[in-house]
Structures are given as C-alpha cells and as structure tokens.
Amino acid sequence: MQQLPVIAFDNSYARDLEGFYVPWTGSRAPAPEVLRLNTALAAELGLDGKPLTSGPGAVMLTGGVAPEAAVPLAMAYAGHQFGGFSPQLGDGRALLLGEVIDRKGQRRDIHLKGSGRTPFSRGGDGKAVLGPVLREYLFGEAMHALGIPTTRALAATLTGEAVMRQKGPEPGAVLARVASSHLRVGTFQFFAARGEVEKVRQLADYAINRHFPEIAARDDKYLEFFRRVREAQASLIAQWVHVGFVHGVMNTDNTTISGETIDYGPCAFIDAYDPKAVFSSIDEHGRYSFGNQPPIMQWNLSRFAETLIDLVNPDDSEDAVRQLTNEINAFPAHYQMLWLKGMRAKLGLFKELPGDLELANDLLSAAQDQGVDYTSLFRAMGAFVRGNVTSVRALFADPAGFDAWVDRYLSRTRDEAIPETARADLMDQVNPIYIPRNHLVDAALSAAVAGDMAPFDRLLGLVTAPFKQEAGAEDYARPAPSSFGTFTTYCGT
C-alpha cells in the first residue's frame, strides 16, 4: 500500500482535554474513492491535493486508517434536542481526525462524518450516504461564498458499500469537513449536567485560548467569554435571516462556540417570504421556523449560560445568574442592531437614520402572503434603483402594498448623496442571485446518486459565485415551479 498523506497535525483537543473524548478509529471502507476534493480549501490548509485523492488518501478520508500524526477521537457532548435534554449524545458517526494550522496561522479541525460506529452511536450504524454528504458539501460552500461563518467540506468520499436507509440501499459516503473547532454548547452541557465544574472550567479555558485568547487574562473572562459567544451567534443568525436560510435543527449540540454554522441535515432556503416557513419533517410545531431562529438562539444561549454560573462567580451563584441574565436579555437588541445593519446594506441605505427599522420591516410585511421570492426581491431592488420598476413589482401578486412602501423608500434614499448606480452596485454585492434552491438541490442530488455529477457541479459553481450574473443560468435564479410542491427535509444521513 502507498504511504498515507503526510499532514502536520497538532492535536490540542486530544492533548489538553483528556477525558472529554474517546480515542477511536473509523470503520475500514471496502473500496474508498474520493469523489470530490475541495482543492481551494486544501490549499488554504496547506495540504497537497494529489496525495489526498490517492488510494491511501481515500482510506484516510473515510477514517479507516489515520496518518501517523493524527489522534482520531469521538467527542463527548450532550444537548437539548427540540427542547428536551439528552445528557449524552457525542460523535455517534463522526471522528475528529486532527487539527492543522492553516496558511494564515489559524487552527482548524478536520472532522469525518459517516466514518462508522463509535461508543456514542446509540444504536445507529455510524454511516452516511452520498446524497446528504453532497448536500452538506454544497450548502457549506454556498454559505462560505455568501460570507457566512460555516463548517466547510474538504472532501466527499465514497466508501464502496451500500448503506440501508428507509428507501432502500444507498451509496455510502464520508464527508471530511473543516471548522475552526467543533466545540458546542452541548459540550459544556455534557460536563455541567454531571456536576463536573472543574471540567467545565478546563473546557472554558481551552475555548477561550483557542477562540478568544485576547480575553484570557481578564478577571471577568468567563462572563466576557459568554458575551463573545452571544455576539458571534447573534451575528450568525442575522446573516442566516438576511439570505433566507432555515437551519432546521437548532439544537444546543448544533450551536457552536465559534459562531459557525454546523450540520446541514434538514436545512433549506426559503423561496416565498414566510416567517413561519418550516421544512424539517420532524418540526411539527415550528420550533425552528425561519422567523423563530433569533429567539431560539437566545434560548440556546440561556442553556449555555447555565453551564457557566459556577465560573462567573464561584462564591455567589445568585450574582452570577444576575450577570448572565443581563447578558442574555441583551441578545434581542444586539441581534436587531446586526439585522438592521445588514438590511440597510441590502436596501442600499448607508446612514443610520430613525425609521429604518420600520422601513425594513414594512417591506417584509408587504411581501408576506404575496408569494414574493425573498432572494429575488432584494436583487430586484438593485434593478429598481437603476430605474427598472417593473421587475420588482412583478414579484407581488398584488403590488399595492409595495407601491405604498416605495414612496417612503425613495424619500429615504434622497437623504443620502450617493449616485444611484453606485448604490445599486453596492446592493448587488450583498444580495445574491444564486442560492441552493430546494428544487435544484433535490435534482442535483438525485442525479449524483444515480451516477451523474454534472448537475451538482453546475449548481456548486453558481452558488459559490452567488453575486455574479452568469449568462444562460436564468433558471437557477428562479424559485421552484408550482409543480414542485411542498418541500420537506429529513434529519439523519
């Protein structure tokens, strides 16, 4: 057998947090083959793509054999899932292969999803199948291109085996994904629920040193740590909402300390604007609906705060609760500030003036129940600023509400001495043309499972250059046809 790829792993999680994981090796895939390698990301990480796509590289990327410097492990964590607490979840079908220092000096995890059973599998087979692996690859790269913090796909690798799912056997696959870390709110909950305060402290110190080293010497570092995570998550949710993204499973084990989007199972982008939009088959009550994502994140952060009480003030828990509660209660205003900042950019408004919040909300109110495609609405506003009134009005079943709103918008833009072409150009830099629309993703993944990767590659190429108009790609900028029907997503891969 050829030599495994040489990777300069530096495994701080394994080194500094013994007892927070189980050392583990993935299942040996019968016939691994790298289907897609993210060469640009590999270069960022300082990795040579050629060895990764070799036979030994495929073995490594499915978890069956680890390179010499790697310390593969299954991470322990807990989590609230749809509001109910599970004290032990953990990497049930995944491994942290190791950490690398990228070309910018940043520490990054390389994590394998679908690499086989672990001690945390809870009866699952530990496997993943091709469609969902490519789905996560596609969505992660699309989110990255939109400027939204996210885990990213390094590779999608076939295992050469058939994996049984509800619809029958499907091609097995493993996703190699990259993140600044895989620390979660649920990681803290795992040890806090067991009353292991010193382990929570050890974990917090590790997270601070890894993500917020500038606060490590502060006397109030644990309270400031909470603030930093709160700010990162407020920013993340605002960015999700700006582009119409619905995560679909905002459990605390999917809430990262770094503020990156993680786990793209039942996610989707909305077509028609609807705050109540839900796509997940198991979200029967709309807990994780499009419009409910900000308050759910505040709820998740409350669960995070509970794990830090004994660190914020070891001598007075009531004082710690008071301080943390004040920080939690600041979330809505902080989120609203970030959301409004992004909405000003989407609407080409560059001063902060009274009435902007009402103006932005009133546009959305005018669009609601009108079948208005959310992504097209904001892109068409750029065309409107250039003088094309027809394209945006045509999105509304009844444009009367928009017509009443637009006079206020035009009055507002006159408060800023910006040439309209320059305004529109700036709007086009934040309002995408191409997103992973549900009907296109569905078709691309179905074709890929059947052996045709061309639709996937075409869609990936467009959503990773989302602001650039491409001739002949008009269908990729349109919402699903009515014949597509209701779109439903499913947890698990």
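Residues are numbered from 1 along each chain as its sequence is written, and side-chain values use heavy atoms, with hydrogens and water left out. In this predicted model, local features need pLDDT of at least 70 and side-chain atom pairs count only at pLDDT 80 or more, while totals for chains, interfaces and linings use all residues.

The second largest pocket holds about 600 Å³ of space. A pocket here is an open set of points on a 1 Å grid over the protein atoms alone, where a 1.4 Å probe fits, with protein on both sides within 12 Å along at least five of seven lines. Grid points are joined across faces, edges and corners, and the volume is the space filled by probe spheres set on them. Lining residues have an atom within 4 Å of a point. The lining of the second largest pocket comprises 24 residues. Asp102, Gln106, Arg108, Ser180 and Glu260 lie nearest the centre. Strand S7 (107-113) and helix H7 (197-211) are the elements that give two or more residues to this lining. Helices (H or I, at least four residues) and strands (E, at least two) are DSSP runs, numbered from the N terminus. By class, the lining has six nonpolar, nine polar and nine charged residues. Ala, Val, Leu, Ile, Met, Phe, Trp, Tyr, Cys and Pro count as nonpolar; Asp, Glu, Lys and Arg count as charged; the others, Gly among them, count as polar.

Helix H8 (221-243) has 23 residues. Its first and last C-alpha atoms are 33 Å apart, close to the 33 Å expected at 1.5 Å a residue. The expected span is 1.5 Å times one less than the number of residues. Of the 23 residues of H8, 20 are buried, so the helix is largely enclosed by the rest of the structure. Buried means under 20% relative accessible area, exposed over 50%, and partly exposed in between (1.4 Å probe, protein chains only). Glycine 244 follows H8, with a positive phi near 80 degrees.

Helix H10 (residues 317-329) has 13 residues and should span 18 Å; its end C-alpha atoms are 18 Å apart, which agrees. Aspartate 316 caps the N-terminal end of H10. One of its side-chain oxygens lies 3.2 Å from the backbone nitrogen of glutamate 318. Asp319, Ala320, Leu324, Glu327 and Ile328 are buried in H10. The buried residues of H10 pack against H8, helix H9 (293-312) and helix H11 (331-347).

Threonine 252 lies in the loop between strand S11 (245-246) and strand S12 (268-269). Threonine 252 is buried, with a relative accessible area of 0%. Contact means heavy atoms within 4.5 Å. Beyond neighbours within four places in sequence, threonine 252 is in contact with residues including His80, Arg184, Gln189, Trp299 and Arg303.

Most residues other than glycine have a negative phi. Phenylalanine 82 has a positive phi, near 55 degrees. This residue sits in the loop between strand S4 (79-81) and strand S5 (84-86). Phenylalanine 82 is partly exposed, at 28% relative accessible area. Arginine 122 also has a positive phi, near 55 degrees. Arginine 122 lies in the loop between S7 and strand S8 (128-129), and is exposed at 56% relative accessible area.

Proline 23 belongs to strand S1 (residues 21-23). At 57% relative accessibility, proline 23 counts as exposed. Leaving aside neighbours within four places in sequence, proline 23 is in contact with Pro72 and Leu73.

Methods: Polar contact = N/O pair within 3.5 Å; in protein donor to acceptor, adjacent residues only side chain to side chain.
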